[in-house]
Amino acid sequence: MDRELYGREAVLHDSGLVARLSGLTRHGAARVAYEHGDDPPVTVFTGGRGMGKTALLKEVRNRYKGYTPLALLDCAHVEPPADHGPGWSEVTGALTELAVQLSPKVLAAKPVQFPRLSLGLVAVASLGWSQEDDERARNDLLRLGPLLATVDATKGAAGNWVAKVLSKLAANFAEAAAPMAGVLAEATVETVLEEVFGRFQRASENWYGSYRNAGGRGKAGLRQLAIDFEQGGRRRREAEDFLVGALTEDLLHAYTGLRRGTRVGRPVLLLDNAHEQLGRQLVEPILRARADGRRDRVVVLAASRVREHEGLRHATRTRLPETAHRAPCPRGTSVGSGILAVELTPLSPAQTRAAFDRQDPAGRTPAELSRAVHRLTGGRPLGVALLGRAAGEAPAELRAGLTPGGLLDLTVELREDTPPVPVAPALLAELLPVRRPGPYAVLAATHDEESARILAHARLQGESLDGDVALRVRDRLRSEDWQEGPRHFVADPLLRALLLHRLRFEDADEPRYAAWRAVHETLHRHYGPEPGPYRLHHDLALGRTEEAVTHLRVTFPEQDVLGWLGRLRFVAAAPYPRERNRPGPDPRRAVALGQAPAGELPSGLDADSTELHLSLRRLLHAVWLLTDPLALPDDDVADRLAHELRRLSGRHLTGSGSLWDAATHWPRDIRAWRELSLPPGREDGV
């Protein structure tokens, strides 16, 4: 069954990008004209964690598997076999896996054979074998069985050829001259050719005659290939590049050889996490060959978490929706110009709402919940999908009062055969897969590199013995391509919310919340003793609001009203010290609407100052609630916000215009799910 497209129709529809590159609609239902003729670009989907890159590649696999040769490889997880010999590398392991996946029979076409790749990998597998340890040679040869089975399923899988190879090697050990790698490779290749390859397949050996120093002789090329592989460094990279070419040559031969005309479409190579070194080692040889004029017919679809990857410097860049009908990729003089980098765009609010409607078709959750989740996640598909599922699975008694923060407190069933898992930790583990997320949670409370280093020195000294913890965290976030911002050390709203959720609740220390309190008290002291905006920001995170209200009242008459509004906005951006699964309305609502008891007021206030103080208390709580990404909007509170700002406009002697504009535009910003504009009404003024 097809997955939901989550806005990826431009890639997956019957006239979408994959169809135009591969020449087939999904499930091989019909042919499609090739957009790029015989020179398709390497297409790289870019986007951070949770943007749907892996899901997109898997969906391409699900739709095209069985209709055209296809393989999916995760370049970050090619596991070395146990006790492998020196003839194994990530590249050779990846090529073996790709060939085995690409080989099965597909609709109306025979299996793809990989004789050239098999010979090359047989040659390098012989490295490190010795007469005293034929068990290693046996194990290395048996591991090549599935690959050789693509040439002849009966002979390759039977394993009888292994004993004959070992016998021939034993005879060669005694009389072998240096370099041993070349002699063993040649003996191994000869036996495999005799025992596994048929008459027509033996000619594939000749392809290695173009390898360096081969002089047109295939056996000499295979011998040199093994010697270069053993040498390591640049020579090994050259040998591995040639082996990548062997894979594409075998695929090309399947489309242009004796069976020409029996295949439709093109083979598809799917490479996840292609920003890893292995990804470049697989893609760059293909790009170089294409730049030299070679046409291999392979559709390469890759995924890169790093948008500004060095390998993408000369790529043609476009955004996902723009590829729906055309995806131009003009080839220039550089090798990298053969790459089409497609940025995966976030889901739109409408797509997020559709995802929630699928999980909650009866509409039992708040109408604004999906839009609030879109604000929190930025439309990141993983976050939308997981929070939407949590909303659909929420207990009936909680659904009507759900907020984004409430969704983080729930559990969700990710698989039918496993118990439900807590939403926030599960989502955090997907977006930031680090061994110890604790330091990240602590530093998520900070504003910049300076405050992060100070907090790390105070709270995280035991976390690292070899360097600054804050800088190590910063570098890891950069390597994961998480955005940086001017007001938060962890700039992405969703990642910051998940880390702060962990800081608040992970130690199970309710109602003390010792870790949360210690972190914000440390920052509060750092920014003291004057009541500046940073100190007051952490006051609010600790649940203390009176010093902030007093500061707003004392500074209200100053001429810099825009600066005053900016400080109000910054202070009220503090994370709210939530209680988990707290029933009923948010406590800030009653204060904002003037429905909560006034409480103790500062001494010495006259009637006018008291009225101003109470008005600013209501205003602060209104902004705090309405801009909280874990809360839902509230029309009554937005109206009260406008009312308070208009009243303040009438009190100010010089800045009434800015306050009046804020009363007009800030509620509009809130209802449009925008950050509060500054100057008010300037969307680009933030």
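A salt bridge is taken here as a side-chain nitrogen of Lys or Arg within 4 Å of a carboxyl oxygen of Asp or Glu. The structure is a predicted model, in which local features need pLDDT of at least 70 and side-chain atom pairs count only at pLDDT 80 or more, whereas totals for chains, interfaces and linings use all residues. Residues are numbered from 1 along each chain as its sequence is written, and side-chain values use heavy atoms, with hydrogens and water left out.

The protein contains 31 helices and 8 strands, assigned as DSSP runs (helices H or I, at least four residues; strands E, at least two) and numbered from the N terminus. Along the principal axes, the C-alpha atoms fill a box of roughly 105 × 55 × 50 Å. Of the 686 residues, 53% are buried, where buried denotes under 20% relative accessible area, exposed over 50%, and partly exposed in between (1.4 Å probe, protein chains only). Among contacts (heavy atoms within 4.5 Å) between residues at least 6 apart in sequence, 69% join residues at least 24 apart.

Across the whole structure, 54 salt bridges were found. In one of them, the side chains of D250 and R116 meet with an N to O distance of 2.8 Å. This pair links distant parts of the chain, since D250 belongs to helix α12 (residues 233–256) and R116 to helix α5 (residues 115–125), 134 residues apart. Both D250 and R116 are buried.

A salt bridge also joins R317 to E308, with the closest N and O atoms 3.9 Å apart. R317 is partly exposed because its relative accessible area is 40%, while E308, at 63%, is exposed. A further salt bridge is formed by E510 and R580, whose closest N and O atoms are 3.6 Å apart. E510 lies in the loop between α23 (493–505) and α24 (514–526) and R580 in the loop between α27 (561–571) and α28 (587–592), so the pair ties together parts that are 70 residues apart in sequence. Both partners are partly exposed: E510 has a relative accessibility of 42%, and R580 has a relative accessible area of 30%.

Helix packing was examined for α26 (residues 546–555) and α29 (residues 607–626), which pack at an angle of about 120° with their axes 9 Å apart. The pair is therefore oblique, a class covering angles other than those under 35 degrees (roughly parallel), over 145 (roughly antiparallel) or 65 to 115 (roughly perpendicular). Axes are lines fitted to C-alpha atoms, for helices over the stretch in contact, and angles run from 0 to 180 degrees between N-to-C directions. On the α26 side, the contact is made by E546, A548, V549, T550, L552 and R553, and on the α29 side by S609, L612, H613, L616, R617 and L620. These residues divide into 6 nonpolar, 3 polar and 3 charged, with Ala, Val, Leu, Ile, Met, Phe, Trp, Tyr, Cys and Pro counted as nonpolar, Asp, Glu, Lys and Arg as charged, and the others, Gly among them, as polar.

A424 is found in helix α19 (residues 423–431). With a relative accessible area of 3%, A424 is buried. Leaving aside neighbours within four places in sequence, A424 is in contact with L408, L498 and H501. The C-alpha atoms of A424 and R288 are separated by 44 Å, the two residues being 136 apart along the chain.
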